[in-house]
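Hi there,

Here is the structure I promised to pass on. Please have a look, and then read on for what turned up in it.

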Amino acid sequence: MTKNHNKQIIIFLSLPILLLVIFGILPIINFIVISFTSWNGMGTTFEWVGLDNYTTLVKNPVYWQALRVNTYYLVSGILQMIIAYYFAVILSEKTKGKNFFKSLFLLPSLISSMAVAMIFRLFFSPNGAFDQLLSFLHLDQWITFWLGNPDQVNITLASISLWRNLGISFILYYGAIQSIPREYNDVCLLEGASLWQKTRWITIPQTIKVIYLNSLLLIIGVISVFDIPFILTNGSNGSTTIVVQTMKLAFEQKKYGLASGLSVCITLMIVLLSSLLHYSKNKGGHKK
């Protein structure tokens with residue numbers, strides 16, 4: 001009976017493991033190997049260049065500039081987490097119109113990236129809706145070329161990303177807060193605790209695991225930002241993120257070896273930062 005049971009387990013697991021190897025592990029090994037070559041993506045010959053691609057990535061300031069662009073999304077991501085948590089706490093209380101506001105937060109995450117890009121391309125276009133709003137508020141001196149001004153474009157795109165992803169963070173926090181045992185709320189009510197005291201001593205400790213989860217998603221999202229800058233500006237005017245730069249290397253410049261090397265670096269950054277987050281989580285006493 002035990003042997004038959006083990007055979008059934010092996011049979012059921014064999015296909016998922018095979019698919020994981022074919023579509024997950026082998027492609028990773030493949031682009032790691034390609035990162036040590038100067039392959040242009042067209043031929044079948046691979047010229048081995050060793051660490052030259054990685055040396056180029058370290059020495060060329062273009063790639064460091066692309067990484068600096070991602071810091072705009074880091075700031076917007078941190079603001080996104082704070083705003084989402086704030087409203088999750090507020091809407092967890094007895095608030096009028098809470099269902100309407102919850103729908104309002106979730107709506108952006110349900111819209112496709114292409115639709116979001118087209119909406120904001122019109123919104124931030126010269127003499128578009130945003131410029132008209134500023135004119136109405138007598139703030140004409142603030143009007144600029146939002147998607148063309150190198151000093152403003154990354155702030156504009158990061159703001160769009162914040163709006164786009166706010167609902168995902170909100171729903172995670174809101175669900176975690178709703179799962180807190182009702183007894184805690186009853187005790188706070190009996191003790192006359194304020195909303196801030198309740199949040200500080202009950203809500204945050206009880207939702208700390210979800211905060212770490214959102215932090216992990218933030219790390220992955222910040223490093224892998226692609227759709228918004230690629231669709232709206234194609235990385236022009238200083239808005240090229242590290243992933244957009246990877247796509248340009250591969251599909252525009254035909255430098256697949258260099259693009260693979262950059263992909264390896266991106267993966268290592270995500271693994272390193274995620275490991276540091278996990279270490280800080282365990283060090284803080286949240287091992288479970």
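How many salt bridges does the structure hold? There are two, and I will take them in turn, with the reminder that this is a predicted model.

**The salt bridges**

One of them joins the side chains of E93 and K198, with 3.0 Å from N to O. E93 sits in the loop between helix 3 and helix 4 (98–110), while K198 belongs to helix 9 (residues 195–206), so this pair ties together parts that lie 105 residues apart in sequence. The two partners can also be described by their accessibility. E93 is partly exposed, at 28% relative accessible area. K198 counts as buried, because its relative accessibility of 15% falls under the 20% cut-off.

The other salt bridge is between the side chains of K248 and E252, at 3.7 Å from N to O. Both residues are in helix 12 (residues 242–252), and because they are four residues apart there, about one helical turn separates them. K248 is buried, with a relative accessible area of 13%, whereas E252 is partly exposed at 48%.

**Helix 3 against helix 7**

If you turn to the helix packing, look for helix 3 (residues 61–92) and helix 7 (residues 153–178). Their axes are 7 Å apart and the two pack at an angle of about 35°. The crossing of helix 3 past helix 7 is right-handed. What kinds of residues make up the contact of helix 3 with helix 7? It divides into 21 nonpolar residues and eight polar ones, with no charged residues.

**A nonpolar patch on the surface**

Here is something to colour in your viewer. L15, L18, L19, L20, I22, F23, I25, L26, I29, V33 and W48 form a nonpolar patch on the surface, and together they have about 1,100 Å² of accessible area. One of these residues, L18, lies in helix 1 (residues 2–34).

**Two asparagines with positive phi**

N127 has a phi near 65°, which is a positive value in a residue other than glycine. You will find N127 in the loop between helix 5 (113–123) and helix 6 (129–136). Is N127 buried or exposed? N127 counts as exposed, since its relative accessibility is 64% and the cut-off for that class is over 50%.

N234 also has a positive phi in a residue other than glycine, near 55°. N234 is in the loop between helix 11 (227–233) and helix 12, and at 34% relative accessibility N234 counts as partly exposed.

**Some distances to get your bearings**

- Y54 lies in helix 2 (residues 52–59) and counts as buried, at 17% relative accessibility. From Y54 to N127 it is 73 residues in sequence and 44 Å in space, C-alpha to C-alpha.
- H278 is in helix 13 (residues 256–283) and is partly exposed, at 48% relative accessibility. H278 and L216 are 62 residues apart along the chain, and their C-alpha atoms are separated by 8.8 Å.
- S194 is in the loop between helix 8 (182–191) and helix 9 and is partly exposed, at 33% relative accessibility. S194 and L268 are 74 residues apart along the chain, with 44 Å between their C-alpha atoms.

Note on methods
Residues are numbered from 1 along each chain as its sequence is written. This is a predicted model: local features need pLDDT of at least 70, side-chain atom pairs count only at pLDDT 80 or more; totals for chains, interfaces and linings use all residues. Side-chain values use heavy atoms; hydrogens and water are left out. Patches are made of residues with over 30% relative accessible area and no salt bridge: like charges are joined within 9 Å, nonpolar side chains (Val, Leu, Ile, Met, Phe, Trp, Tyr) within 5 Å. Accessible areas come from the Shrake-Rupley method with a 1.4 Å probe; for residues, only the protein chains shown count as cover. A salt bridge is a side-chain nitrogen of Lys or Arg within 4 Å of a carboxyl oxygen of Asp or Glu. Axes are lines fitted to C-alpha atoms, for helices over the stretch in contact, and angles run from 0 to 180 degrees between N-to-C directions. A crossing is left-handed if the near helix is turned anticlockwise from the far one by less than a right angle, and right-handed if clockwise. Ala, Val, Leu, Ile, Met, Phe, Trp, Tyr, Cys and Pro count as nonpolar, Asp, Glu, Lys and Arg as charged, and the others, Gly among them, as polar. Buried means under 20% relative accessible area, exposed over 50%, partly exposed in between (1.4 Å probe, protein chains only).
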